[in-house]
Amino acid sequence: MPRARGLLILTGLLILVSPVPSRAEVNSFSKGLVVSVSEKASQAGLEILKQGGNAVDAAIATAFALAVTHPAAGNIGGGGFMVVHPGGANLPTVFEYREAAPLKAHRTVYSPDDGMYSHKVPGVPGTVRGMGLAHQRFGTLPWKDLLQPAIRLAGQGFPVSKELASSLNGLLATSKDFLELQKVFAPPNRNGKWKAGDLLRQNDLARTLERIAQHGPEEFYTGETARLIEQEMIRGKGLISREDLANYQAHERKPIAIPYRGHVVYAPPLPSSGGHTLGLMLNILDGADLKKHGRWSHQTKHLLLETMRRAFLERARHLGDQGFTDIPHFLLEKTFAKSLHASIDDDKATPSKSLAPEIPISPESDNTTHFSVADAKGMAVSNTYTLERSYGSKVVVTGAGFLLNNEMLDFNWFPGTTTNSGRIGSEANTIAPRKKMLSSMTPVIVTKNGQAFLVTGSPGGRTIINTVLQVVINVIDFDMTIQQAVDSPRLHHQWLPDKSKFEDMKGKAYQESLKKLQSMGHEMSGGPQGDAHSILIDPSTRKLIPGLDQRIEGGLAGY
Ligand code: DON
């Protein structure tokens, strides 16, 4: 399948104003479709679909392949969330495989001197158990078959794209102290640099994947891989022990279900903040006449920014792992959304600090990845997983060839310290052994008449939730095609920092509304927001239509 490229944003924006459908829109599929940041990983999913696997089988194969072809975020050493619509009259469900704090971690385990990249910052990885659980529940092909494409890609190698070559060159230049990383990602010409077309072979990773394929997901947590992780932790004075690995649990959880204008949006529950925050925003917007002023007017942008501001404050105040923190019920009640809606001034921005006088005001980033899968029988998968920062902790497990996450950064490291730059000090998300850190990952499946209709999600830390919100309203409220919905420029506000962002600050069509927003008190700035590789399933024809996001490289594979 053709690959959409084009670095960051603005190329895609042309599509918004063009009446001509994009190439990705013209392509639609009837039997199965995978859309991800990596063409090779999407093909891995397609290979499994063609072998008779369902969307979950294909998603598992794609996830393992991304761990090989997109090492910045694809992973076996991280964690995430998978939403599955099983098809037919069944309701969507969620597999939560978020990393957990090791037993040695506690509320003040980190000091201001602790950096973002070290053996101290990985949480206990969840991806392999998560995939195992999803397979146990819905898989139809043998587990070991699902890992074969990834094993092949790792062992035989694959030609790197221009983007991956540049990403690896950047990584190697900035991570000199990480010797195993330097070894595993060394360019073919050791003194040179990566170039597009060079072969990336990952032999240690191929052996690790082979062990996991042969012995099952458990191997990662109790077998040779667990032993290698333990050795790595001992060497680097890290926190994760064999006991942590053996005790790690992924869970099947009930999604947050948000009715919205004749659809239902299914999103992950805590420890993802996505379901609650997206739910609160959709509840606020449900009470508004969103279409009244048109998608790009200053009034609509203002309403969206003020809605985001308020929902992100509630996120900061209340959300954390529900096994450790009481979560107020009112957050998703319509009356609460109504009261927040009523607090929006139509004519001016509300300073964020004025909304939370009780919080003493004394920093998330660029790598996570989302992919969407759908099959011919109505099953759909929406999966977002991450290592947190690009290439995670930069610690590669010696002899096992994979990177460990730095997800512990998502906890509130300094209780009581909330900063203008976005650090949050509320209790709900402080560190405790085995607790899972709050996430913003929001893979969603939107249903119409009970069937999967829209599959979407995004990387981008706290921006994720707002990206997903806008893809959803673009389709539901503004009747955009999936490609337009994905390509349109996005807004972001997250309470603190008190800044409003809009991706296309230079776009001619938006100048007037942006000026108006500034005069209303919004401090506006630009900058790219996360990609959203999506699928729309046409309710009448059941055709699978890709929304391949042109902000980033990506590839779709369907038939
Ligand atoms: O779970 C979270 O919300 C973050 N660790 C995600 C990080 C992220 O999206 C970085 N990428 N763009």
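Three strands make up an open sheet with the order β14-β15-β16, and their pairing is mixed. At its edges stand β14 (491–492) and β16 (524–525), each pairing on one side only. Strand β15 (residues 500–502) pairs with β16 in the parallel sense over two bridges. Serine 500 has methionine 524 in β16 as its bridge partner. The model is predicted.

**The six-strand sheet**

Another open sheet has six strands. Their order is β8-β9-β12-β13-β17-β18, and the pairing is antiparallel. Strands β8 (256–260) and β18 (544–547) stand at the edges with a single partner strand each, so one side of each has no neighbour in the sheet. On average, neighbouring strands of this sheet are turned by 25 degrees against each other, direction ignored.

Helix α14 (residues 274–286) lies across β8, β9 (263–267) and β12 (444–448). The helix runs at about 15 degrees to β8.

Strand β13 (residues 451–456) meets β17 (residues 534–537) in the antiparallel sense, over two bridges. Leucine 454 has leucine 536 in β17 as its bridge partner.

| Strand pair | Sense | Bridges |
|---|---|---|
| β15 (residues 500–502) and β16 | parallel | two bridges |
| β13 (residues 451–456) and β17 (residues 534–537) | antiparallel | two bridges |

**Serine 534**

Strand β17 also holds serine 534. Is serine 534 buried or exposed? Serine 534 counts as buried because its relative accessibility is 0%, and the cut-off for buried is under 20%.

Which residues does serine 534 contact, leaving aside its neighbours within four places in sequence? They are Val35, Ser372, Val455, Thr456, Ile482, Val486, Ile545, Pro546 and Gly547. A polar atom of the serine 534 side chain lies 2.8 Å from the backbone oxygen of alanine 532. The C-alpha atoms of serine 534 and leucine 454 are separated by 7.4 Å. Along the chain, these two residues are 80 residues apart.

**The whole chain**

The protein chain has 19 helices and 19 strands. Its radius of gyration is 22 Å, close to the 24 Å given by the globule rule for 559 residues, so the chain is as compact as a globular protein of that length. The C-alpha trace spans about 60 × 55 × 50 Å along its principal axes. Of the 559 residues, 64% are buried. The chain exposes about 20,100 Å², and carbon and sulfur atoms supply 53% of that area.

Methods. Residues are numbered from 1 along each chain as its sequence is written. This is a predicted model: local features need pLDDT of at least 70, side-chain atom pairs count only at pLDDT 80 or more; totals for chains, interfaces and linings use all residues. Side-chain values use heavy atoms; hydrogens and water are left out. Two strands pair if DSSP finds at least two bridges between them. Helices (H or I, at least four residues) and strands (E, at least two) are DSSP runs, numbered from the N terminus. Axes are lines fitted to C-alpha atoms, for helices over the stretch in contact, and angles run from 0 to 180 degrees between N-to-C directions. Contact means heavy atoms within 4.5 Å. Buried means under 20% relative accessible area, exposed over 50%, partly exposed in between (1.4 Å probe, protein chains only). A polar contact is a pair of N or O atoms within 3.5 Å; within protein, one must be able to donate a hydrogen and the other to accept it, and residues adjacent in sequence count only if both atoms are side-chain atoms. The radius of gyration is taken over C-alpha atoms; the globule rule is 2.2 Å times the number of residues to the power 0.38. Accessible areas come from the Shrake-Rupley method with a 1.4 Å probe; for residues, only the protein chains shown count as cover.
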